[in-house]
Amino acid sequence: MTKFITTSIFHILLISTVSIFCHALVFASETIPINNAEPVTPQKLEEQTAIIRKHHLKRLDDKLTNDLKVIDENCKYESDISTRPPENHVVLTFDDGPEPIQTEYILDILKRHHISATFFMIGEKVKQYPDLVAKVYAENHQVVANHSWSHPNFHDISTNQQFEQILKSETFFSNNSQPKLFRYPYGNSSCETNRLVHSRGYKIVGWHIDSCDWAFDKSGAIDFKEAVSCGVLPQYHNDYVAHVVSAVRARKGGIILMHEIHPNTIKKLEEIIIQILADGFIFGTILDDDFIPSMR
Ligand SMILES: [Zn+2]
């Protein structure tokens, strides 16, 4: 009996230590190899955030300085959803993974709250981390979707290169969901590629709510111009959670854009889920009937 108790205490201590260790790693964005993978280092995260910032602000400038009719005619931002989301339904979408540590951390939170989410993955990472992709499927997340091969800005590459990004990525997705789903990197689209993805049975998925997880810095604040580009109201410029939750309330639900790679999403996801659930919202997936009109 004493041996049993001693062993149990040892196991509890071991599990606690491992758990604390993993949390510390996630929050510090430190490096640790898992299955020979290369996780996001602080430098890599900084670089990726800078790239998102650049393309996001370019998009804002484009919309502020150009004729919206011309932008529409050129199919530049197909990801903008003009339709209202189904009332009181929320879909969580996580882009730019899979990532060692972060993906598993998110999966654990979703499992605790019995929520299925949609993961828009990057083809070259799907190829690199097949075990992580299998785990996402195994945990009943309805959709693992195409988010291009290497995440370029489609406005900066040729039509043929855009096609390659989708077709090369497609061969690494074994998802049989119908319709197939595609999300443009940075939401930047073109008429030619819209036609291609539709001809291949895809729906294009945008978002109703941009969490702007990448833009809230370490101090918890967001830059004014970035806030405008993401639709963050002034009263929430220092509060990522309040921004997301208030946007969900204002729209009465919708598709939320988050990124697997960003510490704000990793740190605050559970708090956001708890607050949204407390408001009586129901979490669903993109393929639920009532979200179909949100796709094109
Ligand atoms: Zn992305």
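The model I am reading is predicted.

**Entry 1: α7 and α8**

I looked up how helix α7 (residues 159-170) packs on helix α8 (residues 191-199). Their axes are 10 Å apart, at an angle of about 30 degrees. The two helices are therefore roughly parallel to each other. I noted the hand of the crossing too: α7 passes α8 in a right-handed way. From α7, the contact takes Thr-159, Gln-162, Phe-163 and Ile-166. From α8, it takes Glu-192, Thr-193, Leu-196 and Val-197. I sorted these residues by class and got four nonpolar, three polar and one charged.

**Entry 2: the whole chain**

I stepped back to the protein chain. It holds 11 helices and eight strands. Of its 296 residues, 39% are buried. I then took the contacts between residues at least 6 apart in sequence. Of these, 78% join residues at least 24 apart.

**Entry 3: Cys-75**

Cys-75 and Ser-190 are 115 residues apart in sequence, yet their C-alpha atoms are 5.1 Å apart in space. Where does Cys-75 lie? I found Cys-75 in the loop between α3 (68-73) and β1 (89-97). I set aside its neighbours within four places in sequence. Cys-75 is then in contact with Ser-189, Ser-190, Cys-191 and Asn-194. Is Cys-75 buried or partly exposed? I counted 16 other C-beta atoms within 10 Å, so Cys-75 is partly exposed; a buried residue has 20 or more.

I followed the chain into the loop between β1 and α4 (102-112), where Pro-98 is found. A cis peptide bond joins Gly-97 and Pro-98, with omega about 0 degrees. Ile-101 lies in this loop as well. Its phi is near 75 degrees, a positive value in a residue other than glycine. I noted both because most residues other than glycine have a negative phi, and most peptide bonds are trans. Ile-101 has 21 other C-beta atoms within 10 Å, so Ile-101 is buried.

**Entry 4: helix α10**

I turned to α10, residues 240-251. This helix has 12 residues and spans 17 Å from its first C-alpha to its last. That is close to the 16 Å expected at 1.5 Å a residue. Which residues of α10 are buried? I listed Tyr-240, His-243, Val-244, Val-245, Ala-247 and Val-248. Their cover includes β1, β6 (209-210), β7 (253-259) and α11 (263-278).

Just after α10 comes Lys-252, with a positive phi of about 60 degrees. I placed Lys-252 in the loop between α10 and β7. Lys-252 is partly exposed, with 16 other C-beta atoms within 10 Å.

**Entry 5: α10 against α11**

I checked how these two helices meet. Their axes come within 9 Å and cross at roughly 40 degrees. That makes α10 oblique to α11. The crossing of α10 and α11 is right-handed. On the α10 side, I found Tyr-240, Val-241, Val-244, Val-245 and Val-248 in the contact. On the α11 side are Asn-264, Lys-268, Glu-271, Ile-272, Gln-275 and Ile-276. By class, I noted seven nonpolar, two polar and two charged residues in the contact of α10 with α11.

Key:
Residues numbered from 1 in each chain as written. Predicted model: local features only at pLDDT ≥ 70, side-chain atom pairs only at ≥ 80, totals over all residues. Helix = DSSP H or I, 4+ residues; strand = E, 2+ residues; numbered from the N terminus. Buried ≥ 20, exposed ≤ 12 C-beta atoms within 10 Å, placed from the backbone. Contact = placed C-beta atoms within 7 Å. Expected span 1.5 Å × (residues − 1). Axes fitted to C-alpha atoms, helices over the stretch in contact; angles between N-to-C directions. Parallel < 35°, antiparallel > 145°, perpendicular 65-115°, else oblique. Left-handed = near helix turned anticlockwise from the far one by under 90°. Nonpolar A, V, L, I, M, F, W, Y, C, P; charged D, E, K, R; others polar.
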